[in-house]
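Below are my comments on the model, as numbered points.

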Amino acid sequence: MAGMLRKAFGAGLSILVLGSALQAERCERECLEGVISGYLNALIAHDPSKISTTPDVKYVENDQVVPLGSGEWHIVDSLGTYNHTFSDPEAGQVATIITITENGVGAIYSVRLKVEPDGKISEIETQITRDPDGKELYEKRGQPEAVWFEAVPPEQRIPRDELISQTNKYYSGMQGNDPKGDYSFFDKECNRLEDGLQTTNVKTGDPYGHSNDTAFASLTCEEQFQTGFLGFVTKIRERHFSVVDEERQAVFAITTLDHNGTVRSLPSVNGTSSPIPPYFETPRTLIAMEAFRLKGGKLYRIEMTLTEVPYGSKAGFPQDPPVDLGGPGNNFTTYPDPCDRICLENVVGDILMSIRIHAPNRLPLAKGVRYSENGQFLALGDGLWETLEAISWIDSYGAVLADEERSTAGYWGFSKEHTIPGVLALRIKVAGGQITEIEALAVRAEKTDSRGGTVTLMRPPLPVEWEGDESAQLDATFSEWNGDVEISEELLNAYFDGLEKHSSEDVPFAPGCIRRDNFAQANLTCADQLDGKGTAPNGLPANTTTARDRRILAADKKRGIALAVALVDEPADGPSPLPETASIPGTYMIPQLLKVSNGTISRIESVIKWMPYGYTSQWAELGNSIEHEKE
């Protein structure tokens, strides 16, 4: 009942508070709660004009910077019962964890607002945890434990800096999770929720997370850390202690958790070990919005919500100092300058061998060499450099491209990281006899099992799933020599325009053009699929919109093939009822090989990876898109 009154009071007060805050020196607790209540009311009304914002307000959704009013604003249906709000008048920050329904499906919604002294919102950071089971668990709880809302007597409080310091020990202890660490910062009665599920002091015998360990969740917070079980979390960065409530001794934090895929086993409670779950055999990044209630200066209650973003993703509101990820270079024997076809083909072989043996420094690297994985810049040696164990070659499923005009080499083929198959596309730039850029696009097989499998957390099903069958052969036309074939940006742009407009008009397809998406080939021509015919045309939902960040990675004129990539948006705002594949906003990253002959496209081979809505490649941010180059 108290929770219901808080919600009703906050909703009714929001307009009054927003007005009175204009004269206030700072926005106090009631003001902040009114602002966030007004924000949530505007969200379910699908109307951002109902909130007062600064002219430069920044809106972030699952770590992606997108226009205010897009993404979640189109699809949320209603708010649920659960509502847990945190206020920090000193910093002008307020956050909440609530339940929602979006396009008829339950989810957990977390949001942080930065409120200026005049009551206007300048920062909006949101995280949608699309876990219907977690939403139902929260709904069964009804409201948070009363202890979260209790004012702690002043003499029992610890100051702001110490609240942050004690909370930060949690992340430092989890990162690498040394079983011999000092974890006395946990209260003996500490409990933790993860997406609504209690994961400490539980005696049900249920497995924890993706693992099969049935004892971990039975332990206390301190005992769990003493096992070293969480060591697969290899780095916790972008630690933002955004809301600090000294009166209630609570902290709301936002962090980025990297799992680099190098940890191969999990210690268990009884002293033995088990193989790492397949989900963690490849590099993963999770983002978490997490609340802490301290008691006597120790962590007493923890409430975590999380979702997945591409490995190495930078935070929407960065906290860590900028890091120059450019490599130092070396003095290794260089390639010929200019690097001709034979030279470029040798570069591909050298790169693949170096990645497979995890040794980037055996390559002739220019100072400042850049490396990226799925659009995110990483330190050379991170990501695939630590997990790749095998690749395919052109005698099975593979293609090598030599683009002499761009002094760029390309590769397309199967990869295997530990036990996880994937498709790997590479672009390697050579200048002055040294490698200056390496771009990897890794689309891993994803499949489900009783413990979650290897599927990206919280994503919708794809129209065409690839679970890892490596029996496919690459169409022989991709290895045929065609003389000098013109592969123009205009041709590729016409194709991407057609993909965006769902129309084959003005797209130069050869009459017998066929395509294969995630290794599924429909009995339809390329033109028919671009026109939207079939059950899963182009391997995508039917209502995708913008095809952006279009780039030719390499164009091999002798073979008449182009390696390209584009990001295609699915806003999930089409007419109801929406299919499950198009029920939430997302962006599809689509690396593809295209065969070109006589000015027409005759073959397309593509693989598809789901990304958070609004995802952008950092190469595009550098201005390397086709559109920018044309300008």
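1. The model is a predicted one. Its largest cavity has a lining of 16 residues, and those nearest the centre of this cavity are Glu308, Pro310, Tyr311, Arg444 and Lys609. The space inside the largest cavity comes to about 190 Å³. Under the rule applied, there are 8 cavities of 30 Å³ or more.

2. As to where the lining of the largest cavity comes from, strand 14 (298–309) and strand 27 (609–612) each give at least two residues. Strand 27 has the largest share, with 4 residues. Sorted by class, this lining holds 7 nonpolar, 3 polar and 6 charged residues.

3. The second largest cavity has a volume of about 110 Å³. Its lining is made up of 16 residues, with Asp63, Glu125, Ile254, Thr256 and Ala315 nearest the centre. At least two lining residues come from each of strand 6 (121–129), strand 9 (235–245), strand 10 (250–259) and strand 13 (284–295). In this second lining, 6 residues are nonpolar, 7 polar and 3 charged.

4. Which strands make up the open sheet, and in what order? There are 6 strands, arranged 8-7-14-13-10-9, with mixed pairing. Strand 8 (197–198) and strand 9 have a single partner strand each and therefore form the edges, with one side of each left without a neighbour in the sheet. Strands 9, 10 and 13 of this sheet also contribute to the lining of the second largest cavity, while strand 14 contributes to that of the largest cavity.

5. Within the sheet, strand 10 and strand 13 run antiparallel and are joined by 10 bridges. One example is Val251, whose bridge partner in strand 13 is Phe292. Phe292 is also a member of an aromatic cluster, together with Tyr170, Tyr171, Tyr183, Phe185, Phe186, Phe225 and Phe241.

6. Helix 9 (residues 489–501) has the length its residue count calls for: 13 residues at 1.5 Å a residue should span 18 Å, and the end C-alpha atoms are 18 Å apart, so the two agree. The buried residues of helix 9 include Glu489, Leu491, Leu492, Asn493, Ala494, Tyr495, Phe496, Gly498 and Leu499. After the helix comes His502, with a positive phi near 60°.

7. The structure contains 30 aromatic pairs. One of them joins Tyr170 and Tyr171, edge-to-face, with 5.2 Å from centre to centre and 75° between the planes. Tyr170 counts as buried because its relative accessibility is 0%. Tyr171 counts as buried too, at 1% relative accessibility.

8. A further aromatic pair is formed by Tyr397 and Phe519, with ring centres 5.5 Å apart; the planes stand at 55°, so this pair is tilted. Tyr397 sits in the loop between strand 17 (388–391) and strand 18 (398–403), and Phe519 in the loop between strand 22 (509–517) and helix 10 (526–530), so the pair ties together parts 122 residues apart in sequence. Are these two residues buried or exposed? Both Tyr397 and Phe519 are buried.

How values were computed: Residues are numbered from 1 along each chain as its sequence is written. This is a predicted model: local features need pLDDT of at least 70, side-chain atom pairs count only at pLDDT 80 or more; totals for chains, interfaces and linings use all residues. Side-chain values use heavy atoms; hydrogens and water are left out. On a 1 Å grid over the protein atoms alone, a cavity is a set of points where a 1.4 Å probe fits but cannot get out, and a pocket is an open set with protein on both sides within 12 Å along at least five of seven lines; lining residues have an atom within 4 Å of a point. Grid points are joined across faces, edges and corners, and a volume is the space filled by probe spheres set on the points. Ala, Val, Leu, Ile, Met, Phe, Trp, Tyr, Cys and Pro count as nonpolar, Asp, Glu, Lys and Arg as charged, and the others, Gly among them, as polar. The expected span of a helix is 1.5 Å times one less than its number of residues. Buried means under 20% relative accessible area, exposed over 50%, partly exposed in between (1.4 Å probe, protein chains only). Two strands pair if DSSP finds at least two bridges between them. Rings of Phe, Tyr and Trp (its six-membered ring) pair if their centres lie within 6.5 Å; planes under 30 degrees apart count as stacked, over 60 as edge-to-face and the rest as tilted.
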